Amino acid sequence: MRFDTKIAVLLRDDLEVWQRLNVTAFLAGGIAADPELLGEPYADADGTAYLPMFRQPVLVFAGDAEVLAAAHDRAVRRGLPAAVFTEELFSTGHDEANRAAVRALARDDLKLVGLAVHGPRNAVDKALKGATLHT
């Protein structure tokens with residue numbers, strides 16, 4: 001199935017494996033804040049209920065700091081809904097501290113390690129120009 005929109009996560013390519021997983025999880029949670037992106041709840045044959053997940057695939061990309069900064073700039077200019085993860089968030093311990101760490105810096109001064117965006121396929125593709133599919 002081909003979707004008109006795309007959900008993409010872009011990770012800085014020099015992160016440790018645990019950091020990549022952590023950043024991806026946090027950024028996906030940000031995108032999931034839009035309830036229209038979620039499908040219906042799941043249930044197994046025994047009737048055990050499970051939470052809903054995204055209706056469409058999430059593509060994960062990688063790029064260096066310059067690719068990430070450019071993608072962030074293009075996403076903001078295109079008005080794409082975005083979630084960010086900065087270097088500082090590795091040393092904070094809770095949501096309030098995370099928000100304060102991001103709020104402390106101007107947009108161009110954020111030390112991004114991850115970005116998640118959702119929007120029309122071509123707009124997301126243009127925003128992530130230069131990034132490669134994560135392997």
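This is a predicted model: local features need pLDDT of at least 70, side-chain atom pairs count only at pLDDT 80 or more; totals for chains, interfaces and linings use all residues.
Helices here are DSSP runs of H or I with at least four residues, strands are runs of E with at least two, and both are numbered from the N terminus.

Residues are numbered from 1 along each chain as its sequence is written, and side-chain values use heavy atoms, with hydrogens and water left out.

Start with the sheet. It is open, has 5 strands and runs in the order S5-S6-S1-S4-S7, with mixed pairing. S5 and S7 (132–133) are the edge strands, each pairing on one side only. Pairing takes at least two DSSP bridges between two strands. S1 (residues 5–12) and S6 (residues 112–120) are antiparallel and joined by 7 bridges. Within that pair, leucine 11 has glycine 114 of S6 as its bridge partner.

Helix H1 packs on this sheet and touches S1, S4 (58–63), S5 and S6. Contact is heavy atoms within 4.5 Å. The direction of H1 makes about 35° with that of S6. Axes are lines fitted to C-alpha atoms, for helices over the stretch in contact, and angles run from 0 to 180 degrees between N-to-C directions.

Is asparagine 22 buried, partly exposed or exposed? Partly exposed, because its relative accessibility is 26%, and that class lies between buried, under 20%, and exposed, over 50%, with a 1.4 Å probe and protein chains only. Leaving out residues up to four places away in sequence, asparagine 22 touches Phe85 and Phe90. Its C-alpha lies 9.3 Å from that of phenylalanine 90, across 68 residues of sequence.

Now the pockets. A pocket is an open set of points on a 1 Å grid over the protein atoms alone, where a 1.4 Å probe fits, with protein on both sides within 12 Å along at least five of seven lines; lining residues have an atom within 4 Å of a point. The largest pocket holds about 210 Å³. Two or more lining residues come from each of H1 (17–31), S5 (82–86) and H3 (95–103). H3 gives the largest share, 4 residues. Phe26, Phe85 and Arg99 are among the lining residues.

The second largest pocket has about 180 Å³. Its largest lining share, 5 residues, comes from H2 (residues 65–77). Arg12, His72 and Lys111 are among its lining residues.

Definitions and conventions
Grid points are joined across faces, edges and corners, and a volume is the space filled by probe spheres set on the points.
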